[in-house]
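User: Please take a close look at one part of this model, the contact between its two chains, and describe it in a connected way.

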Amino acid sequence: MIIEITESELLSYAKNKKYSLTACFPKKDKEVYVWTDYTSGSIEFVMTGSPDIDINRTPSQTLGLSGQFALPPEANIGEIRPVLHALSGNYNAYCKECPDDVFKLHYGPVSSGLWESGAFHILSYGERILNVAPDLGYKHRAIEKKICGMNVKDALLLIERLCGTFSVAYSNAFCSAVEENIPERAEAIRIIALELERIYNHIHAIQRLATAASQSVAASQFSALEEDVLRLNAKFFRHRYLFGLNIPGGVRKDINTKVLLGRIIDIKREFDKLVELLITSTIFIDRLHNTAILNVEDIIRLDTIGIPARASGVGKDVRSFNSIYTDTPFRVAVEEYGDALSRMMVRITEIRNSVEIIKFFAENLPQTELKTDVDASGFLYGRSEAPPGDILTALEVENGIIKWAGIRPPSTINYPAFAVAIEGNIFTDFSFGIESFGLSFADSDR
Amino acid sequence: MWVIKGLRKGIITTKYPDEKPTKDEVPEIGVPVHRHGDIKAARGVCPTDAISEALDFYKCIFCQRCEDYGFEMTGNVEIAEVNRKLPFSGSVHIFLVDAGSCNACNRELDMLTNPYYDLHRLGFFFTPTPRHADIMFVIGKVTDRMVEPMLKAYEAMPEPKIVVAAGSCATSGGIFGNEGVDRYINVDAKISGCPPSPIGLLYGLLKTYRRR
């Protein structure tokens, strides 16, 4: 439920280190701030705003494309919590003034190294990167605005295509918002799909790191392994990127877990061999070690989530608040140092852990129905752990029709963290920094 | 060590296009084909209006809803049409413009360079600059802010040049409505799929210069 508070109360939320700023959505003439306590998993929705703000604002304006997101005038929450600028789409706030002898580069949106459309303002002095400011919103498709007025079934198709490579995480977050309880078998199948998605995305991130280090054999081998996982997806879930698996109230098709188990164990064995070779390659490790460091203070100040937080010793993982994960092999993978190497090691640990989770659920698949009816109404939210961090979906539903939607992707929060991490590094470390975060522009732009 | 590892793996590259793709290489979900049952009811559940007199393969997003109404998902992913071909072959350079995709199309294009498909053996290369490009490859629903960069990239390409739109978002707008790439730029070739599978992409790319 959303609690209405005053601006000074909001400021005390911002000053309290216990809460992470998870999201900020416009809702009619108010702003909804979402604060999460990652030690207990409790989440609080608070609303504030003065009535003189333009009431015709729509969720599409969150990205600042057609209007600025009005912050409460006296509260300087943006200074205490810099991630607020990214959440409200005000990326200009990260730009610094360019001194005379400093080189200013606008990298993107159509560029070779990124494969996707997004841009960065980079200030550099010689080889040294002085400041990076993300300039995102090129791929803004206004999905939050589009799903308003749709029924939950049709909206799910758009939600899956918000970021195709994190489609299960998105549809899980959306479905868990609109469902009250679903059959255990459907829930287990969703977990298997979610962990498969994590596996192929993490392998992809490692492959991109190997590509950045010109380790072409390693890159090819990991790329082939990723293709193996995608083919596994296609064989058991019918789609290489797992679209169409989730429907509100359950899953569409059953799976044959015996064959799946054999295939996933083969992939794990191959992965272990490749990782053994990769982490004994000193040339490769040297490039990652001490690159793009984020320490614990940065993580808390920037409200960073997911892989970079865990790599710096802050175990933020929303899976640990989900009761279905208790008594399973799931463990939060944590590293201490916070550099690109730590982030890769977290990924490696998580892939192994995901295989264990898949094994657990595939062996103990409950014999129940696959779907139930959904009858959602009121203010709802759902969370899910995508490969780079957690997703929050907040919805207001009336008789199955969506009235208002707010989606907060993990990349929105972690791009500013990447910009801070890469400061002070040299230019050739840029690709190592960005690939180690594993983010996506399609995800952050929604 | 890596070289030994690489040699030990052996050849895993697909025999496509000389042989038909194997069952592993194509996903179970290709284009749907009507077998029996009520087309009118299926039309009602199709989210993209792909089902009309003939099924519009470029609008289909493989949502599998029409399966309940007598449609069957085939493994056929080789759906592409080319209106204007390249006058040469052998070394074709592709410039990728992501006009607002969901990252799945990007990933499939990235997968084309892996040892399973090895795009380079067929004479296709990705180039980082439009100045060297023969094909502009557009994916995704065209967003407002990407129109200008896309048109600029097209201007910068030398003649002869063709535009290939891949995926249902780019070819017809797909789930986002009737907003394909052809609203902004003349499209010479289309590849269907959501996202187009690697075999489908290879089929479409080979069609841009082959006479079949």
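**The interface of chain A and chain B**

Analyst: Between chain A and chain B there are 23 residue pairs in polar contact, both residues at pLDDT 80 or more, where a polar contact is a pair of N or O atoms within 3.5 Å, one able to donate a hydrogen and the other to accept it, and residues adjacent in sequence count only if both atoms are side-chain atoms. On the side of chain A that touches chain B, the elements giving two or more residues are α4 (143-147), α5 (152-160), α7 (184-212), α8 (216-237) and α9 (257-279), helices being DSSP runs of H or I with at least four residues, numbered from the N terminus. The largest share of that side, 13 residues, comes from α8(A).

This is a predicted model, in which local features need pLDDT of at least 70 and side-chain atom pairs pLDDT 80 or more, while totals for chains, interfaces and linings use all residues. Residues are numbered from 1 along each chain as its sequence is written, chains are lettered from A and ligands numbered from 1 in the order in which they are written, and side-chain values use heavy atoms, without hydrogens and water.

The contact (heavy atoms within 4.5 Å) takes 60 residues from chain A and 48 residues from chain B. The two chains bury about 4,900 Å² between them, 58% of it on carbon and sulfur atoms; buried area is the accessible area (1.4 Å probe) lost on putting the two parts together, summed over both. Five salt bridges are counted between chain A and chain B, each a side-chain nitrogen of Lys or Arg within 4 Å of a carboxyl oxygen of Asp or Glu, and B:D98 and A:K139 meet in a salt bridge at 2.5 Å, N to O.
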